[in-house]
Amino acid sequence: MQIHWHRDDLRPADNRGLAAAAGVAGDGVDNGTPGAIPVFVFDDDILAYAGDARVRFMLDALGSLRWWYRDRGSDLVVARGDPASVLPDLAAEYDADRIVWNKGYSGLARDRDERVRDALDGHKVAHDSFHDAIFHEPGSITTNAGDPYSVFTYFGRKWHDRPKPDPIDPPEPAALADVDGDPLPTIGELGFADPDADVETAGTEAARERLAAFCSDGIYRYDEDRDYPTRSAVSRLSAHLTWGTIGIREVYDATEDARERAENGGADVSGFTPEEQVGSVEEFQSQLAWREFYTHVLYFNPEVVTENYKEYDHDIEWRDDPEELRAWKRGETGYPIVDAGMRQLREEAYMHNRVRMIVASFLTKDLQIDWRAGYHHFRDHLADHDTANDNGGWQWAASTGTDAQPYFRIFNPMTQGERYDPDAEYITRYVPALRGVDADTIHEWHELSPVERARVDTDYPAPIVDHSERREAALSMFEAARGDD
Ligand code: FAD
């Protein structure tokens, strides 16, 4: 019998490590001796970096996974502590031949895995780990000189050109060990509180519903509509991909089926030709490539979690302004699209991608506050926080990341709002104080005089900064860091 150590792969299907432990033949997987004991270890060192919403999603996903095992005469064995001491004990208790898991790519995960390997070696317990969460492992997509890519474009092209393996079947009941697990801890027992946010429903069933709905509609409009937060053209799979409640091969496979439908005459989505639909599917697949790109960046540069990826000649002199930071966190900056985004984060533990870019640009360019403050806030509040994607997104917005774009890309929060939320539908969904105010007034909020603002019957705040002035200040801040005269 073999232990499969679940971590951020909380699903039974399309799971390379679990398939190996259970002896299910999969792509390139060593089958070992059949009979899987599924295990999850609550590791307080890792939980120290989690927020309430993410822990809620994780616990719900574990609950759903547990029921999948119980329906098949097995169970999820749960333990709490340092995996380097818990796993050798579990191996002894269950007389397991081998422990397998799927690889993690952050510095923290890799250090932990190294310690676990050493501990298992010390106890003479065999172990193995598998590339599972991404298609192409770090080091497999490189420049012709063999270096990791520092910009996405060529990486993305190579990613698209590589063959992608098929999804892997879940284990049959006979391949699962007959074990009983202890109850899952409550969120309070883990030291977290039930979040105020309405967190995405967890579990593989919910992920599959999201995927199926997206692949019958949004995927064909993705290219055109994905930047508009009210058009429902994004998959909302991020928390599921973060926690692995669905496998990447299964997601990709569904997108390929969607492509086939488009190629065979087009899906029933009005306004788009079959060619446009195929292009749209590929645009979505590119986002999956971005996810792998940032995973590779993190793998080769684990220090980016705390340090700039891009080097400037001098330190960037970020401003330290607790009051402005607080206004940003609370969604009280007086810039409607920024405030709507920050309130969506609080209410749903999620934020639309376009709005993430806008709020991140606002924090780092308008307020000139260090991207790390924003990254930590997102890490604490997003259910989908993923070290690689969150860090990549923040450093991109702050002009400290892998992006080829220069430091002078500074989003104008008013024109972004006007363009991507013209009717202020998104804004008024999350900022009740602006309901009943017409969209033009909302998009001109920063230009109104105090008297004009006072005439609008709302307690929505005046802008806390002047965008044009702050834009100039941000340019000066980056020019000083570059050493420009
Ligand atoms: P879709 O548009 O449907 O995309 C599908 C999947 O592709 C996503 O679930 C995600 O896994 C991946 N993806 C999409 N866009 C990106 C991207 N730009 N970079 C990397 N992967 C991407 N994504 C996270 O998963 N976790 C984070 O913590 C995170 N933090 C971010 C912080 C900032 C400042 C920015 C600008 C972006 C961040 N992103 C993060 C990327 C992106 O915003 C989210 O993945 C996306 O909004 C999730 O919604 P969705 O699943 O509907 O996305």
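Predicted model: local features only at pLDDT ≥ 70, side-chain atom pairs only at ≥ 80, totals over all residues.
A salt bridge here is a side-chain nitrogen of Lys or Arg within 4 Å of a carboxyl oxygen of Asp or Glu. Residues are numbered from 1 along each chain as its sequence is written, and side-chain values use heavy atoms, with hydrogens and water left out.

**Salt bridges**

- Searching the whole structure turns up 33 salt bridges.
- The Arg56–Asp194 pair links distant parts of the chain, 138 residues apart: Arg56 is in helix H3 (residues 52–70), and Asp194 is in the loop between H6 and helix H7 (204–216). Helices here are DSSP runs (H or I, at least four residues), numbered from the N terminus.
- Arg379 and Asp380 also make a salt bridge, with 3.7 Å between the closest N and O atoms. Arg379 counts as buried at 16% relative accessibility, whereas Asp380 is partly exposed at 32%. (Buried is under 20% relative accessible area, exposed over 50%, and partly exposed in between, using a 1.4 Å probe and protein chains only.)
- Arg471 and Glu472 meet in another one, at 3.7 Å from N to O. Both ends are partly exposed: Arg471 has a relative accessible area of 30% and Glu472 comes in at 46%.
- There's also a network of salt bridges linking Arg11, Asp14, Asp132 and Arg249.

**Aromatic pairs**

- The count of aromatic pairs is 29. Rings of Phe, Tyr and Trp (its six-membered ring) pair if their centres lie within 6.5 Å; planes under 30 degrees apart are stacked, over 60 edge-to-face, and the rest tilted.
- Trp159 and Tyr252 are edge-to-face, because their ring centres are 6.0 Å apart and their planes sit at 80 degrees. Trp159 is in helix H6 (residues 152–161) and Tyr252 in helix H10 (residues 248–263), so the pair ties together parts 93 residues apart in sequence.
- Both of those residues are buried, Trp159 at 0% relative accessible area and Tyr252 at 9%.
- Trp328 and Trp394 are edge-to-face too, with centres 5.9 Å apart and planes at 70 degrees. Both are buried.
- One aromatic cluster is made up of Phe152, Phe155, Trp290, Phe293 and Tyr294.

**Charges over rings**

- The charged end of Arg236 sits over the ring of Tyr350, 3.7 Å from its centre. (The test: NZ of Lys or CZ of Arg within 6 Å of the ring centre and within 35 degrees of the ring normal.)
- Arg7 lies over the face of Trp5, 4.4 Å from the ring centre.

Methods
Helix = DSSP H or I, 4+ residues; strand = E, 2+ residues; numbered from the N terminus.
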